[in-house]
Amino acid sequence: MWGRIAACVFALAVLAGCARSNDRQVVHFWVMGQEGEAVARMLPEFERRHPGIEVRLQQLPWTAAHEKLLTAFAGDALPDVVPLGNTWIPEFAALDALEPLDARIAAQPGFDAADFYAGAWDSGVIDNRTYAVPWYVETRLPYYRRDLLEKVGVAEPPRDWVAWRAAMRAVRDGGGSEFGILLPTNEFEPLLNLAVQQGEPLLREGGRYGNFRSAGFRRTLAFYKSLFDEGLAPRVDNTRISNVWNEFGRGMYSYYISGPWNIAEFRKRLPPALAGAWATMALPGPDGPGASVIGGTSLVVFRSSRSKDAAWTLVAWLSEPRQQRTLHRLVGDLPPRRSAWRDPALSGDANAMVFRAQLERAVPAPKVPEWERIAQEMRIVAEQMVAGRLTVDAAAAELDRRADAILAKRRWMLDQHKGAPR
């Protein structure tokens, strides 16, 4: 008898456990890269604070993420929440896959959208609707050999292109560097970051056509090309540099444009004797410190989610300054909220604080689904120009031609939408 009673009690306990499990809302959360490992350590706290929500985490490699997301969209199998790369947001918004978040943001207690860097926030706004909340950010600026530049009298980082080129000449000719700067020809990012410093957009007429023949972009191309023509930058891609950190330490070049992840890499890879010999600096612009492109990821809720309230609760929690500081401590990602930078781990790091200032000037890349393809064409055409096969004007015209071809379908779709009955 007692055995039967014990069995019944056990069965009831199991059923109660199942009921409690069924009462919990499940949020499927896909995360790419090392952030997946970090968030796995963070989620137990979220579930303690929100016992009615269970987060099922799936970690993905960045190399497979885009294709997997598109396949999931086609098969109606998207997760609830994903941190999308900022240049992917326009694509998934165009697919009508993203849930607008404006109403939830407005209703969320203590959620301060103005605390986010303007460029990071704007990355998630398409046609005046907010589809994404920044999770972590990055931008590009120069790392430089302070010791070699001081040796030739460059005591302060140059603030504009004229002074920057003069500093490159000086350090190459008398400071011990073989070149002034490394601009790998298989990377479009340095040219793109210089290009957004102009007052003219890279695309015109609502993203229907390229705007690369504009005076501003041609000015950027001319400056970029001059660095190679004068021998200030080597005509090489990064596969022909044995090790960018070692060559920087050896003095092969004194400037290198890169992102915040390299703060830790330079500290780890350069010898202790060079610990104080390098630093970060604001990206010079045509007439003073210039803009740069905002990168990183932003959290989205997919329209197909069956747990939108719980999904938004996760997004709001991950967006808190405290969680952003935790993510920084775990993997080094920079927070998109200004208040999160009060953490001594950030505010006490002079090299990181240069990125903090640059992020105030950072802007999104053009918000069209085709942008990543256009950026690759920019790289190809710029490489041809650097090799001497195209002039500045010819390169600008060729970029417009290629961009216009890529944007042809977009123009057709926009025209169809414009002509549709309302």
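The C-alpha atoms of valine 137 and leucine 334 are separated by 5.5 Å, although the two residues are 197 apart along the chain. Valine 137 belongs to strand β6, which covers residues 133–138. Helices (H or I, at least four residues) and strands (E, at least two) are DSSP runs, numbered from the N terminus. Valine 137 counts as buried because its relative accessible area is 3%; buried means under 20%, exposed over 50%, and partly exposed in between, with a 1.4 Å probe and protein chains only.

Before going on, a word about what you are looking at. This is a predicted model, in which local features need pLDDT of at least 70 and side-chain atom pairs count only at pLDDT 80 or more, while totals for chains, interfaces and linings use all residues. Residues are numbered from 1 along each chain as its sequence is written, and side-chain values use heavy atoms, with hydrogens and water left out.

**The whole chain**

How confident is the predictor, by pLDDT, across the chain? On pLDDT, the predictor's confidence in each residue from 0 to 100, the chain averages 93, and 94% of the residues score at least 70. Residues 5–21 stay under 50, and for them the model has zero contacts beyond four places in sequence. Where pLDDT is low, the predicted coordinates should not be read in detail.

The chain has 19 helices and 15 strands. Its C-alpha trace spans about 95 × 65 × 35 Å along the principal axes. Of its 422 residues, 54% count as buried. Among contacts with a separation of 6 or more, 76% join residues 24 or more positions apart.

**The nonpolar cores**

A nonpolar core is a set of buried Ala, Val, Leu, Ile, Met, Phe, Trp, Tyr and Cys residues joined through side-chain atoms within 4.5 Å. The largest one holds 80 residues, and those touching the most other members are Trp164, Ile181, Phe212, Tyr224, Tyr253, Tyr255 and Trp371. Helix α17 (residues 371–386) gives the most to this core, with eight residues. Take isoleucine 181: beyond four places in sequence, its contacts include Trp164, Leu227, Tyr253 and Tyr255. A second, separate core of 31 residues includes Met42, Val81, Val133 and Val315.

Helix α2 runs over residues 35–49, with glutamate 35 in it. Is glutamate 35 buried or exposed? Glutamate 35 counts as buried because its relative accessibility is 4%. Leaving aside neighbours within four places, glutamate 35 is in contact with Trp62, Trp135, Tyr136, Leu327, Val331 and Asp333.

Two packed helices are described by the angle between their axes and the distance between the axes. Here, axes are lines fitted to C-alpha atoms, for helices over the stretch in contact, and angles run from 0 to 180 degrees between N-to-C directions.

| Helix pair | Axes come within | Crossing angle |
|---|---|---|
| α2 and α13 | 11 Å | roughly 115 degrees |
| α2 and α14 | 9 Å | roughly 145 degrees |

On the α13 side, Val39, Met42, Leu43, Glu45, Phe46 and Arg49 of α2 meet Thr313, Leu314, Trp317 and Leu318. These residues divide into seven nonpolar, one polar and two charged. For this grouping, Ala, Val, Leu, Ile, Met, Phe, Trp, Tyr, Cys and Pro count as nonpolar, Asp, Glu, Lys and Arg as charged, and the others, Gly among them, as polar. Helix α13 (residues 308–318) is mostly covered, with eight of its 11 residues buried.

On the α14 side, Glu35, Ala38, Arg41, Met42, Glu45 and Arg49 of α2 meet Arg322, Gln323, Thr326, Leu327, Leu330 and Val331. This contact divides into five nonpolar, two polar and five charged residues.

**Two loop residues with positive phi**

Most residues other than glycine have a negative phi. Aspartate 127 has a positive phi, near 50 degrees, and lies in the loop between β4 (125–126) and β5 (129–130). Aspartate 127 counts as exposed because its relative accessibility is 71%. Glutamate 205 also has a positive phi, of about 55 degrees, in the loop between β9 (203–204) and β10 (209–210). With a relative accessible area of 48%, glutamate 205 is partly exposed.

How values were computed
Contact means heavy atoms within 4.5 Å.
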